[in-house]
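Work through the exercises below with the model open. Each solution goes step by step.

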Amino acid sequence: MEELQKDTNFAKAFYFFAFMFLFVYALNSLSDILTPIAIAILIWFLINALANQIKKLPFLNPKVGDIIAIPLSLIFIVYSMIEIGSFIASSMMELSSTISQLDGKVNQLVEKLSLLTSFDLTTPLQKFFQEFSISSVINKVMAAFSAIFGNLIQIFLYVLFLLIDQQFFSAKLNALFPKKENRNRVEHILTSISKGIRTYISITTIISLSTGLLTYLICEIFSLQGAVLWGFIAFVLNFIPTIGSIIAVLIPTIFALIQFTLISDVLILFTLLIIIQFVLGNIIQPRMMGNKLNISQFIVILSLVVWGAMWGTIGMFLSVPLMMILLIVLAQFESTKKLAILISGDGNILGVAKTSK
């Protein structure tokens with residue numbers, strides 16, 4: 001009997017790891033197909049989040065709001081993406097010339113630091129920057145956005161059909177899950193995922209815009225070259241947890257070290273950029289988010305590395321929403337609640353595990 005139990009446990013473990021291997025392999029192999037779909041779903045969530053805010057306007061008639069909210073949101077999102085695309089296209093020559101000079105300026109900085117400290121820092125620091133080239137990081141981010149805008153028509157076709165189909169979601173759920181209990185559970189999971197992602201995307205977008213604008217203003221006040229570029233990079237990189245904020249501070253600081261003659265100016269600029277990132281990212285964003293993003297920071301970083309390895313820079317942008325979906329789904333079932341607790345930030349999953357009655 002014990003041998004049979006051991007064989008059964010071994011078989012379960014084998015099938016689990018085999019399934020996970022095939023799942024990860026499929027995600028990696030089909031990245032070109034899956035990434036536009038994932039981006040389209042996130043844009044769809046963002047459109048619905050904006051539509052919900054439009055419906056809450058006090059001067060708007062509820063019936064009129066139900067009719068115009070989705071079209072207005074779609075027009076606004078499309079217009080915003082076209083404007084961002086135009087900005088990237090018009091600035092590409094300036095960005096490429098600035099980016100191409102970046103590693104050269106880093107080498108100048110290393111030589112300057114060697115002279116100031118009387119230590120030969122050239123060899124170790126140049127090896128470090130060769131391994132972690134700043135220009136390559138920026139180029140990867142820009143390439144990711146170029147890929148997104150290259151698939152723009154395909155992405156918006158997905159978004160359009162999602163918007164058309166969403167009016168039939170309730171009817172499909174009723175047909176798929178005739179039992180009321182099962183249907184309520186599925187509806188609760190989908191509603192939790194929808195609310196969580198909409199909240200995360202809308203709040204992160206607001207925080208990212210604020211970060212980018214303040215970064216631009218600080219760099220402009222200090223007359224740092226490429227202030228618009230540093231603001232735009234801060235806006236984009238703010239969607240990548242932790243690592244994005246660090247890079248968004250380091251890059252303009254390195255340029256300031258090269259451009260400014262006074263080290264005090266560099267330190268003040270660096271301090272102000274740190275304050276912006278800290279206040280917005282560690283004080284304002286958590287308060288706006290509340291307990292809706294209860295994910296362990298270690299899991300966030302791990303997810304960032306895993307999804308980045310599979311889907312590149314786009315995977316880094318999508319890592320937190322994907323982990324949020326995983327946490328919500330795992331929290332709904334007794335057999336997977338322990339995994340949800342491990343993923344969560346403080347072990348409290350009652351908020352996401354509670355099902356509708």
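This is a predicted model: local features need pLDDT of at least 70, side-chain atom pairs count only at pLDDT 80 or more; totals for chains, interfaces and linings use all residues.

Residues are numbered from 1 along each chain as its sequence is written, and side-chain values use heavy atoms, with hydrogens and water left out.

**Exercise 1. State how many helices and strands the chain has, and what share of its residues is buried.**

Step 1. Helices (H or I, at least four residues) and strands (E, at least two) are DSSP runs, numbered from the N terminus. The chain has 14 helices and zero strands.

Step 2. Buried means under 20% relative accessible area, exposed over 50%, and partly exposed in between (1.4 Å probe, protein chains only). Of the chain's 357 residues, 40% are buried.

**Exercise 2. Classify the ring pairs Trp44 with Phe169 and Trp307 with Trp311.**

Step 1. Rings of Phe, Tyr and Trp (its six-membered ring) pair if their centres lie within 6.5 Å; planes under 30 degrees apart count as stacked, over 60 as edge-to-face and the rest as tilted. This rule gives four aromatic pairs.

Step 2. For Trp44 and Phe169, the centres are 5.8 Å apart and the planes stand at 80°, so the pair is edge-to-face. Trp44 lies in helix α2 (residues 31-55) and Phe169 in helix α7 (residues 169-176), 125 residues apart, so that distant parts of the chain are linked. Trp44 is buried at 13% relative accessibility, while Phe169 is partly exposed at 30%.

Step 3. For Trp307 and Trp311, the centres are 5.1 Å apart and the planes stand at 65°, so this pair is edge-to-face. Trp307 and Trp311 sit four residues apart in helix α12 (residues 297-330), about one helical turn. Trp307 is buried at 13%, and Trp311 is buried at 10%.

**Exercise 3. Describe how α2 packs on helix α6 (residues 152-165).**

Step 1. Axes are lines fitted to C-alpha atoms, for helices over the stretch in contact, with angles from 0 to 180 degrees between N-to-C directions. The axes of α2 and α6 come within 8 Å and cross at roughly 50°.

Step 2. Angles under 35 degrees count as roughly parallel, over 145 as roughly antiparallel, 65 to 115 as roughly perpendicular and the rest as oblique. Helix α2 is therefore oblique to α6.

Step 3. Contact means heavy atoms within 4.5 Å. Residues making the contact include Ile37, Trp44 and Ile47 of α2 and Phe156, Tyr158 and Leu162 of α6.
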